[in-house]
Amino acid sequence: MDEWIQRFVEYLTVERGLSTNTLESYERDLHTFESYLVKRGSCVVQDVQQHHIIAFLGYLHEAGRANSTISRNLASIRSFFHFLIREDFILQDPTVHVDTPKIEKRLPRVLTPEEVESLLRAPDQKSPSGLRDYAMLELLYATGIRVSELVSLQATDVHLSSGFLRCMGKGGKERIIPIGEYAVHALSSYLERARPHFVRKTKHEALFLNHHGMQMSRQGFWKILKKYAQEAGILKDITPHTLRHSFATHLLERGADLRAVQEMLGHADISTTQIYTHVTKGRLKEIYAAAHPRS
C-alpha cells in the first residue's frame with residue numbers, strides 16, 4: 001500500500017500542484033490508515049472494503065479525534081481510492097456509501113480592533129528583529145494572507161510604490177492584494193533598516209529572514225506571535241490564523257463587499273467566506289444589547 005500512497009502523492013504534486021502542507025496532510029492521513037490496517041492483518045489495498053473504512057473512522061472517534069479530523073481523513077482516503085480507480089488498479093470504490101461525519105461549524109476567534117492595536121504596538125521598533133516582527137504582524141493583519149503565504153513571500157513580491165503584493169496561494173493560484181499605508185510604512189522600514197542585518201553571505205530571496213539569514217518558518221513566526229500577544233496582555237489563545245479572521249471580520253463590519261473579501265482571502269467558494277457574516281451578526285447583537293434601552 002505504501003508504494004501506491006507515494007504514487008498518489010506524486011500525482012497530487014505534479015497533476016494538481018497542491019501545497020506542501022496539503023500533500024503532507026494527505027500522506028499522513030493515508031499512512032495512519034495503513035498502520036491501522038497492518039495492525040489488523042489487512043494491508044493489501046485491493047482487499048480494502050467498506051467495513052474497513054467504517055471501522056477505521058470508528059477507531060478515530062474512540063481515540064477522541066474531532067469530527068473535522070475524521071472528515072479530513074475520510075476525504076484523503078476517498079481521494080486515494082478515486083486515484084486507484086483512475087489508474088485501473090481497482091474496479092470498485094469502497095468509500096462510495098461511507099457518510100462524512102457532520103462537522104459543527106465553529107465561529108472563528110477574532111481580535112477586537114483595540115486588541116490588534118495593542119498587538120501591533122508590542123514589538124520594539126528600535127531593533128532589527130522588532131522592525132521585522134512589526135512588519136510581519138502589520139502585513140498579516142493588513143492583507144489577511146495565511147502564515148504559510150507570509151513566510152513564502154519573496155522580496156520581489158512586494159510592490160510598495162503601487163501598494164500591493166503578489167501572493168501564491170493554495171494550488172499555486174496567484175492573487176494580488178492591496179497593502180494599506182501602515183503596512184507599506186512598516187515594510188519600508190524593515191527593508192531599509194532591518195533586513196540587511198539578517199542577510200548572510202549566502203543571500204536568500206525570502207522577504208522575511210531569521211537570524212541565520214534563512215526564510216522565516218511558520219513555527220518561528222508562531223513563537224513571535226505568542227510572545228507579543230502575551231506582552232500585549234491578550235488573554236485569548238490566538239494563532240496566526242486569528243489575524244486572518246480578524247482581517248476579514250473587521251472589513252465586513254465596516255461594509256466591505258463579501259466578494260472582495262473572498263478574493264483577498266483566496267477562498268475558492270464564497271460559502272467559506274460567509275462564515276464571517278455570522279461573526280459580524282453576532283457583533284451587531286452585542287451592540288444592540290448594549291445600546292437599546294429595551295434589549
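User: What angle do α6 and helix α9 pack at, and how far apart are their axes?

Analyst: Helix α9 covers residues 218-231, and α6 packs against α9 at about 90 degrees, with the two axes 11 Å apart. Keep in mind that this is a predicted model.

User: What makes α6 and α9 count as roughly perpendicular?

Analyst: The label goes to angles from 65 to 115 degrees. The angle here is about 90 degrees, so α6 and α9 are roughly perpendicular to each other.

User: Which residues of α6 and α9 meet?

Analyst: On the α6 side you'll find Gly130, Arg132, Asp133, Met136, Leu137 and Leu140, and they meet Phe221, Ile224, Leu225 and Tyr228 of α9. Sorted by class, the α6 and α9 contact has seven nonpolar, one polar and two charged residues.

User: Why is Met136 called buried?

Analyst: Buried means under 20% relative accessible area. Met136 comes out at 0%, so Met136 counts as buried. You'll see Met136 in helix α6, which runs over residues 128-143.

User: What does Met136 touch, leaving aside its neighbours within four places in sequence?

Analyst: Met136 is in contact with Leu150, Val151, Phe208, Met216 and Phe221. Compare that with Asp99: 37 residues separate Asp99 from Met136 along the chain, and their C-alpha atoms are 41 Å apart.

User: Which residues touch the most other members in the largest nonpolar core?

Analyst: That core has 51 residues, and the ones touching the most other members are Leu119, Leu139, Leu150, Phe208 and Phe221. Another core lies apart from it, with 29 residues, among them Val9, Leu60, Ile70 and Val98. As a general point, nonpolar side chains in soluble globular proteins tend to be buried together.

User: What are the contacts of Leu139, not counting residues up to four places away in sequence?

Analyst: Leu139 touches Gly144, Leu150, Leu153, Leu165, Ile179, Ala183, Leu187 and Phe208.

User: Now α1 and α2: how do you know how they run relative to each other?

Analyst: Start with the angle. Helix α1 (residues 2-14) packs against helix α2 (residues 20-39) at about 165 degrees, and their axes are 10 Å apart. Angles over 145 degrees count as roughly antiparallel, so α1 is roughly antiparallel to α2. The crossing of α1 past α2 is right-handed.

User: Which residues make the contact of α1 with α2?

Analyst: From α1 come Asp2, Ile5, Gln6, Phe8, Val9, Leu12 and Thr13, while α2 brings Leu23, Tyr26, Glu27, Leu30, His31 and Glu34. By class, that contact has seven nonpolar, three polar and three charged residues.

User: How do you know whether Thr242 is buried or exposed?

Analyst: Thr242 sits at 3% relative accessible area, and anything under 20% is called buried, so Thr242 is buried. Thr242 belongs to helix α10 (residues 240-253). With neighbours within four places in sequence set aside, Thr242 is in contact with Arg109, Val110 and Leu111.

User: What about Asp88: is it buried or exposed, and why?

Analyst: Asp88 has a relative accessible area of 68%. Exposed means over 50%, so Asp88 is exposed. Look for Asp88 in the loop between α4 (67-86) and α5 (113-121).

User: Why does Glu87 get its accessibility label?

Analyst: Buried is under 20% and exposed is over 50%, with partly exposed in between. Glu87 has 38%, so Glu87 is partly exposed. Glu87 is in the loop between α4 and α5. From Arg65, Glu87 is 22 residues away in sequence and 32 Å away in space, C-alpha to C-alpha.

User: And the whole protein: how many helices and strands are there?

Analyst: There are 13 helices and three strands. Of the 295 residues in the protein, 43% are buried. The C-alpha atoms fill a box of roughly 65 × 60 × 35 Å along the principal axes.

How values were computed
Residues numbered from 1 in each chain as written. Predicted model: local features only at pLDDT ≥ 70, side-chain atom pairs only at ≥ 80, totals over all residues. Heavy atoms only, no water. Core = buried A, V, L, I, M, F, W, Y, C linked by side-chain atoms within 4.5 Å. Buried < 20%, exposed > 50% of the residue type's maximum accessible area, 1.4 Å probe, protein only. Contact = heavy atoms within 4.5 Å. Helix = DSSP H or I, 4+ residues; strand = E, 2+ residues; numbered from the N terminus. Axes fitted to C-alpha atoms, helices over the stretch in contact; angles between N-to-C directions. Parallel < 35°, antiparallel > 145°, perpendicular 65-115°, else oblique. Left-handed = near helix turned anticlockwise from the far one by under 90°. Nonpolar A, V, L, I, M, F, W, Y, C, P; charged D, E, K, R; others polar.
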